[in-house]
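Morning, everyone. Please have the structure open while I talk. I'll go through it piece by piece.

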Amino acid sequence: MRRIAEYALLGLVFVIWIAQGFLPDRGVGVVTGVVIYLISWWMLFLGSLPLQVRGQFEDGEVVEGSEPGAPVSPRIKEKMWLAAVLAAGVWLVLFCILEFGLISLDSIPWGPAFVEYE
């Protein structure tokens, strides 16, 4: 059931990306959406790398000539999948906030003042 929910979230994000190409740009363009997704994916992937890692010295089976702290099983594919699902969730939240105008950039007090030119 969990895997189905993960596929559904990724599918929803993919459908919204495709739909962005046909809809007018109101806040998040196609390129902006891709950039937001990729940046959040890298941040989440790099943050998840140290999760559930056991070193060779912890298992007591140090391979000759290797670093004792080297991971026994780094589980990179699982961490890439986790980053993809979490990045899709982050992207979807940011998309809804920016596209539907829930929070405007003008409401951020420390940000620049946006002026429309005629």
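**A loop residue and its surroundings**

Let's start at Gln52. Gln52 counts as exposed because its relative accessibility is 59%. The cut-offs are these: buried means under 20% relative accessible area, exposed means over 50%, and partly exposed is in between, with a 1.4 Å probe and protein chains only.

Before going on, a word on the model. It is predicted, so local features need pLDDT of at least 70 and side-chain atom pairs count only at pLDDT 80 or more, while totals for chains, interfaces and linings use all residues. Residues are numbered from 1 along each chain as its sequence is written, and side-chain values use heavy atoms, leaving out hydrogens and water.

Now the overall fold. The protein chain has 4 helices and 0 strands. Helices are DSSP runs of H or I with at least four residues, strands are runs of E with at least two, and numbering starts from the N terminus. Of the 118 residues in the chain, 20% are buried.

Back to Gln52. It sits in the loop between helix 2 and helix 3 (56-59). Its phi is positive, about 55°, although Gln52 is not a glycine. Most residues other than glycine have a negative phi. Where else does a residue other than glycine have a positive phi? At Arg75, where phi is near 55°. Arg75 lies in the loop between helix 3 and helix 4. Arg75 counts as partly exposed, because its relative accessibility is 33%.

Next, the largest pocket. Gln52 and Arg75 are among its lining residues, along with Trp81 and Leu82. A pocket is found on a 1 Å grid over the protein atoms alone: it is an open set of points where a 1.4 Å probe fits, with protein on both sides within 12 Å along at least five of seven lines, and lining residues have an atom within 4 Å of a point. Which elements give two or more residues to this lining? Helix 1 (2-20) and helix 4 (76-99). Helix 4 gives the largest share, 4 residues.

Last stop, helix 1 again. Leu12 lies there. Leu12 counts as partly exposed because its relative accessibility is 40%. Leu12 and Gly89 are 77 residues apart in sequence, yet 9.9 Å apart in space, C-alpha to C-alpha.

Buried or exposed? Met43 counts as exposed, because its relative accessibility is 59%.
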